Amino acid sequence: MITSDLAQAVRALGNELATQDATTFRLVVEGPPRDMDPIIRDELYRITREALRNAFGHARAQHIEVEMTYAKQLFRLKIRDDGVGIAPEFLGQGRPGHYGMTGMRERARQIGAKLSTWSRPGAGTEIELSIPGSHAYGKSPKRSRWQLFRQKVDET
């Protein structure tokens, strides 16, 4: 990921993938973007990249949309397409020999996020990833000078 802005990185990826296909791509961002923990942000990008590559490469969709919601208590990411859907036997564990769905689930688990997938043949796919704001958003340590002084005294 070249930028620290998740929405900008996802927009660039979606636009790049859309130019290779007749599929339209749309990104919707709700709420004011917030700084994110860099490790969480990078894993969210990797999950999104895998989901978008699957949607553009396999779904035969006309429209693909990513919706990011920056809420105080929760960060939510939804990826939707109007494509062919995922066969029920592959929805849970993915296709044998392919690690896309399995990898997305593992990445989500590692960062404390919940990943859900809904799909039916002929009805498209929606992937939703949510993570508590307390995990997702970067923390800016704001300590007073007294706290710094106390820490130095306590360390000696």
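A nonpolar core is a set of buried Ala, Val, Leu, Ile, Met, Phe, Trp, Tyr and Cys residues joined through side-chain atoms within 4.5 Å. In this predicted model, the largest such core has 38 residues. The chain has 156 residues, of which 40% are buried. Its secondary structure comprises six helices and five strands, in the sequence order α-β-α-β-β-α-α-β-β-α-α. Among contacts in the chain with a separation of 6 or more, 67% join residues 24 or more positions apart.

**Nonpolar core**

- The members of the largest core that touch the most other members are Leu6, Val10, Phe25, Leu52, Val66, Met68 and Phe75.
- At least two residues of this core come from each of α1 (6-19), β1 (24-30), α2, β2 (63-70), β3, α4 and β5 (125-132).
- Helix α2 gives the largest share, eight residues.
- In soluble globular proteins, nonpolar side chains tend to be buried together.
- Phenylalanine 75, one of the core residues named above, has contacts beyond four places in sequence with Leu6, Met36, Leu44, Met68, Thr69, Tyr70, Leu129, Ser130, Ile131, Gly133, Ala136 and Tyr137.

**Packing of α1 and α2**

- Two packed helices are described by the angle between their axes and the distance between the axes.
- For α1 and α2 the angle is about 20 degrees and the axes are 10 Å apart.
- Angles under 35 degrees count as roughly parallel, and α1 and α2 are therefore roughly parallel to each other.
- The two helices, α1 and α2, cross in a right-handed sense.
- On the α1 side the contact is made by Leu6, Ala9, Val10, Leu13, Gly14, Leu17 and Ala18.
- On the α2 side the contact is made by Arg41, Leu44, Tyr45, Thr48, Arg49, Leu52, Arg53 and Phe56.
- The residues of the α1 contact with α2 comprise ten nonpolar, two polar and three charged.

**Packing of α2 and α4**

- The axes of α2 (residues 38-58) and α4 (residues 100-110) come within 10 Å and cross at roughly 160 degrees.
- Angles over 145 degrees count as roughly antiparallel, so α2 is roughly antiparallel to α4.
- The crossing of α2 past α4 is left-handed.
- From α2, the residues in this contact are Glu43, Arg46, Ile47, Glu50, Ala51 and Asn54.
- Their partners in α4 are Gly100, Met104, Arg107 and Ala108.
- By class, the contact of α2 with α4 has four nonpolar, two polar and four charged residues.

**Lysine 78 in strand β3**

- Strand β3 spans residues 74-81 and contains lysine 78.
- The relative accessible area of lysine 78 is 17%, and buried means under 20%, so lysine 78 is buried.
- Beyond four places in sequence, lysine 78 touches Glu65, Val66, Glu67, Glu126, Ile127 and Glu128.
- Of these contacts, Val66 is also among the core residues that touch the most other members.

**Exposed loop residues**

- Glutamine 73 sits in the loop between β2 and β3.
- Its relative accessibility is 61%, and exposed means over 50%, so glutamine 73 counts as exposed.
- Glutamine 73 touches Pro132 and Gly133, leaving out residues up to four places away in sequence.
- Arginine 60 belongs to the loop between α2 and β2 and, at 68% relative accessibility, counts as exposed.
- The phi angle of arginine 60 is near 55 degrees, which is a positive value in a residue other than glycine.
- Proline 121 lies in the loop between β4 (114-119) and β5 and counts as exposed at 54% relative accessibility.
- From C-alpha to C-alpha, proline 121 is 5.8 Å from alanine 87, although the two are 34 residues apart in sequence.

Definitions and conventions:
Residues numbered from 1 in each chain as written. Predicted model: local features only at pLDDT ≥ 70, side-chain atom pairs only at ≥ 80, totals over all residues. Heavy atoms only, no water. Helix = DSSP H or I, 4+ residues; strand = E, 2+ residues; numbered from the N terminus. Buried < 20%, exposed > 50% of the residue type's maximum accessible area, 1.4 Å probe, protein only. Contact = heavy atoms within 4.5 Å. Axes fitted to C-alpha atoms, helices over the stretch in contact; angles between N-to-C directions. Parallel < 35°, antiparallel > 145°, perpendicular 65-115°, else oblique. Left-handed = near helix turned anticlockwise from the far one by under 90°. Nonpolar A, V, L, I, M, F, W, Y, C, P; charged D, E, K, R; others polar.
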